[in-house]
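Please read it alongside the sequence and the coordinates.

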There are 2 protein chains.
Amino acid sequence: MFRNTMPRYEILSEQAMNTLDGGWRRLVSEIGVEFGSGRALELFRQAGQKVEDGLVRFDPEFVLEQVAKAPSGFDLQARNPANTVHIGGDGMAFGAVYGPPFVREGNVRRDAKMADFENFARLSQVFSVLDSAGGVVCEPEDAPLDSRHLDMTFALQTLTDKIYMGNVVSGENARDTIAMTEILFGGRDTIEETPATISLINCNSPLRWDERMLDALFEYCAANQAVVVTPFLLMGAMSPVSIPAALAQQIAEALTGIALAQLIRPGCPVVFGSFLSNIDMQSGSPCFGTPESAIGLLATGQIARRFNLPVRSGGGLTSSQTPDAQAGYEALMTMLPTFLAGINWVMHSAGWLEGGLVASYEKFVLDVQVLEMLQHEFTPLEIDEASLAFGAHDEVRHGGHFLGAAHTMERFRTCFYRPFLSSSENYERWVRGGGKDAAARAAEIARAKLAEYEPPPLDDAVREELTEYVTRRRRELGD
Amino acid sequence: MFRNTMPRYEILSEQAMNTLDGGWRRLVSEIGVEFGSGRALELFRQAGQKVEDGLVRFDPEFVLEQVAKAPSGFDLQARNPANTVHIGGDGMAFGAVYGPPFVREGNVRRDAKMADFENFARLSQVFSVLDSAGGVVCEPEDAPLDSRHLDMTFALQTLTDKIYMGNVVSGENARDTIAMTEILFGGRDTIEETPATISLINCNSPLRWDERMLDALFEYCAANQAVVVTPFLLMGAMSPVSIPAALAQQIAEALTGIALAQLIRPGCPVVFGSFLSNIDMQSGSPCFGTPESAIGLLATGQIARRFNLPVRSGGGLTSSQTPDAQAGYEALMTMLPTFLAGINWVMHSAGWLEGGLVASYEKFVLDVQVLEMLQHEFTPLEIDEASLAFGAHDEVRHGGHFLGAAHTMERFRTCFYRPFLSSSENYERWVRGGGKDAAARAAEIARAKLAEYEPPPLDDAVREELTEYVTRRRRELGD
C-alpha cells in the first residue's frame, strides 16, 4: 500500500465549501432521498426522519450525527498479512478495473470470459503497485449468470492473496461473499473484527437508492464489512450540468447512504465514494479524463476530509476505444489528480478502456507503468547536505560530466525510477527491436507476466472448503 | 495568453529551501562558474568578483543584488497586439517544440525541411491555445546552414502574428534577429521599450557558459530583448544524480547567467530557465516525462518565485518514438505539473517527440488537445447559489435524468469543454468511422488545419523590407 505524504492540492475556498454545505442540506431536507427498501425506510422512521412514499426528508444534523459514527479510516485485511491495507488517512490502495462486459487484446474486442477474469486476477497479483484485483475485473459471460459471483469470488480468493471486493448484485450474493470470506479467514469473528471485503454500493442517481444495492449494503454493514457508498454522477444526465450542483448532490447522496450504514451498524467502515464525470452534451456519451472530472475529483478529496471520511475516487479512466495516446493522456488526466487529492481507495486503476466497457490487457500494463511513476513522484524528496553532492562538483568541475563520478557510482542503480514499459531507446535501436509502440510492448509484458505467474500458497483444507461451498451453492442456485 | 489563478502546488519546506540556498551559494563561491567570454569576465572583474583562468568565483550577495534588478514580469509584444503576452505573475504562455532535426509524419521519420518549419508555424498560428511557434520549431536541413536563421525568422514573422523566439547560434545571428525585429515593429525604440523577442540562452552545464551563447546574450540584453537563462540538466550526466544537487546547481547557473544579463543592461527582461530531466543510468539515454523531472519542475516553480523571477520550464516532453500511449502519458506527466507549478513561459508545448529529436505533426495536435483541457481544468470553479441548480432537482426529482431540464437547456452548449480530438464515440460508430486511433485522427486534423490556414495580414512595405534584408544578408553570408 502506498502512503501519500505529499501535500494535498485543495481548490475550494471556505466560502465555496459553505455554499456546497448549504446545497446538500437543502437537497436532503427539501427534495429528500428515495430509498427502495422497506427496512431502510423503517430505520429512518424509527430514527425520527420524515418518511413518506419511499422518500426520506432528512434533518441535516441527524445525517451528520450518523456520519460522525463512521471511522475516519480502517484496516482491510488480506489473507496474506503483508497485503493488508489501511483505507483512510494518507493511505492509497489501488484496485483494477471493475465491471467491463468486454475484453480487448490487441485488435480483438470480444465478450469477457472467465479465463480473462482469472488472467486479470493473476496480473493484479503479480504487480506490486496494485493492492487488489478489485471485484468484477470483467463480467465473464461464459460463467452462469446466477452463480458467477461464486466463481469470481473464488478466483479472487485463490489466485491472489490481496484484498478483494464483494459482490453487490443482491443481498443473496453478498451473503455468499461473506460466507466464503468467513471460510478463507477462519470464521465470522475475525472478519468482523477487521473487515476483509470492500464492496461498491452505487446510488441510482439522482437521489435514489435501489433495493438490490441496499440489500447488499444491509448484509455487508451487518457483518462489519466495508462499503463504498458511491453516487454515480455523469453530469448532464444523472446530475445538473454544473460542477457545484454535482458536488452538492454527491454529498447529499453519499452522506445519506452512509447514514443508513451507520443505522444498520454504528461504526461500520464506510468510504465516501465518488464516480463523477460528464457526458458529451451532443451525443450523450459519457466522457472520461475530462477537465470537469479532474476538478470534481480534487474537490471531492477536500470535501471527504471535511467529513472525516475515507474517500474513493479516481482511476485510469478513458473513453478511448484503443490503448492509444488518448488513453494515455486521459488516464493520467484522472490519475494524477487522484494523487493530488490523496484519494484512499482507487478503483479502476488498471485495465479500464472505452468508458469502462472494456478490460484491456495492454491498458492494464500501461496503467501499472503510470502508477509506478506516480508513486515515485509522490514520494517526498529528502533534501539535506549530503544530497547536494558538493564533492561530485569538486570532482567533475566545469563542463565535465558526472557519469563516472564517485557520487554517481555509489547511487546509479537506485537514484532514478526505471520504467519497465516506457522506452527511451534511440531510434535505430528501437527500429532494430521491431519498432513496437507502447501498446505492443505492453501486450508482450502482459503475456510474459502471465507465463511467470505463480499462485500464492493456500491451505488445502481451506481451498477444499471453498470449493465445496461453491459447488453446493451453484447447485442450489440451479446452474 | 492563459492566466493561471489556481493555487500553486508547492513541495519544498522552508528548511529544504534553506538547504538549497546554502548549496548554490557554496557552488558559486567555492567551485565558481566558467564564462567563455572575455567581455563577461571583464564585466565581472569590474564588478569586484574574483576572476581567474576563465572562472568567476562569486560573492552570493553580489549575485542576488544583480538578480534583484531584473523585473518580476514583462510584456512581450506581438505584431498583432491581441497576441502580446505577459511573462511572469499568473501568466502562462505556450510555444511549440524547439530544435528537432527530424520530422515525423505517420510512419515516416525524415530530415526536417523548411516546408515543415513553415507548416508548424502555420499550425501554431491556427491553434489559439498556443502563444507562439517558438523559435527553431525544427531545424530545416534544406535551408543553407549560415543563413537559415534568416529564413526561420522571416517565416515566424510573416506566417504568424504571435510572439517569436530569437536565434542564438551566434552574436551575429542575434544581431540579424534584432534587425529583422526592428523592421517588423517599426524601429529600435519600440522594441527597446517593450521587448519583441525572447531567446533561449542555454548553459553548457555543469557550471560553464559558452562563448557563442554569451555573444547572443550580450546582443539581446543590450537591445532589452528577453532572454531565458537555462541550465541544461540531464541528471546523471550534466548534474549529480540527486535531485537536490541538480536544483542547487540549477540555481547557481541560472542566477549567475542572470547576473551577467543585469550587468550588461540593468533591468533587462530575463526568465529563470529550467530544462531538468534525468538519463537512463543503464543506457545513458535522456528520459522525459519522468517522476524525477516532475518533482524538479514543481520545485523549480517554487524556487523561481522565491527570487521574484519569471520561470520557464515544462512542456509536452516524451522519449517515445511514436505518438502512442507512452507519448500521451509522458507528455502529461510533465505538462500537468507545468500548470501546478504556474510556469510562465512553456517551450516544447506542442509537437515534441523522441526526446526532442523529432517534431511530429500528430503529436503537435495531441499536445494542443491536452493544453486546451488543462487550460479548462485550471480555470477556477465559480460556486454560488445559482450554480447549485436547486430548481433542476426540483424539476427532475428522484431517479430521473437531467437531459431535458430547463437548467440543462440553458447551459448545454457551453457547460463542458468539448474536445476536438478525443473520441467518446460508441464502439460501433467508431468502427464505422474507420476505427482510427488518436494519432490517425490527429494527422487528419493537422492536414485540415493546414488547408484552412490563412496568413495574418502584413503591410506590403514591411514584407518587402524584410525580404530585402534576408536577400542582402544571405548574399553577405555567402549562401
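**Notes on the two-chain model**

1. The side chains of A:Asp280 and B:Arg418 meet in a salt bridge, with 2.8 Å from N to O; the term stands for a side-chain nitrogen of Lys or Arg within 4 Å of a carboxyl oxygen of Asp or Glu. The count between chain A and chain B is two salt bridges, and there are also 42 residue pairs in polar contact between these chains, both residues being at pLDDT 80 or more. A polar contact is a pair of N or O atoms within 3.5 Å, where within protein one must be able to donate a hydrogen and the other to accept it, and where residues adjacent in sequence count only if both atoms are side-chain atoms.

2. A word on the basis of these values: this is a predicted model, in which local features need pLDDT of at least 70 and side-chain atom pairs count only at pLDDT 80 or more, whereas totals for chains, interfaces and linings use all residues. Residues are numbered from 1 along each chain as its sequence is written, chains are lettered from A and ligands numbered from 1 in the order in which they are written, and side-chain values use heavy atoms, with hydrogens and water left out.

3. The contact between the chains, with contact meaning heavy atoms within 4.5 Å, takes 119 residues from chain A and 119 residues from chain B. The area buried between chain A and chain B is about 9,600 Å², and carbon and sulfur atoms give 68% of that area; buried area here is the accessible area (1.4 Å probe) that two parts lose on being put together, summed over both. Of the area that chain A buries against chain B, A:Tyr329, A:His398 and A:Phe416 supply 9%, more than any other three residues.

4. Which classes of residue make up the side of chain A that touches chain B? By class, that side has 60 nonpolar, 34 polar and 25 charged residues, where Ala, Val, Leu, Ile, Met, Phe, Trp, Tyr, Cys and Pro count as nonpolar, Asp, Glu, Lys and Arg as charged, and the others, Gly among them, as polar.

5. Turning to strands, which like helices are DSSP runs numbered from the N terminus (helices: H or I, at least four residues; strands: E, at least two), A:Ser199 lies in strand β11 (residues 197–202) of chain A. A:Ser199 counts as buried because its relative accessibility is 0%; buried means under 20% relative accessible area, exposed over 50%, and partly exposed in between (1.4 Å probe, protein chains only). A polar atom of the A:Ser199 side chain lies 3.3 Å from the backbone nitrogen of A:Gly166. Leaving aside residues up to four places away in sequence, A:Ser199 touches A:Met165, A:Gly166, A:Val168, A:Tyr220, A:Ala226, A:Val227 and A:Val228.

6. In strand β7 (residues 91–94) of chain A, A:Gly91 and A:Ala93 point one way and A:Met92 and A:Phe94 the other way, and all are buried. Two bridges join β7(A) to strand β1 (residues 2–3) of chain A, the two running antiparallel, and A:Phe2 stands opposite A:Met92. Two bridges also join β7(A) to strand β19 (residues 345–346) of chain A, here running parallel, with A:Phe94 opposite A:Val346. Two strands are taken to pair if DSSP finds at least two bridges between them.

7. Four strands of chain A form an open sheet of mixed pairing in the order β3-β4-β2-β12. The edge strands are β3 (50–52) and β12 (208–209), each of which pairs on one side only. Three bridges join β3(A) to strand β4 (residues 55–57) in an antiparallel run, and A:Glu52 stands opposite A:Leu55.

8. Some backbone geometry deserves a look by eye. The peptide bond from A:Ser205 to A:Pro206 is cis, with omega near 5 degrees, and A:Pro206 lies in the loop between β11 and β12 of chain A. In chain B, the peptide bond from B:Ser205 to B:Pro206 is cis, with omega near 10 degrees. B:Asp53, in the loop between β3 (50–52) and β4 (55–57) of chain B, has a positive phi of about 55 degrees although it is not a glycine, and B:Asp53 counts as exposed because its relative accessibility is 76%.
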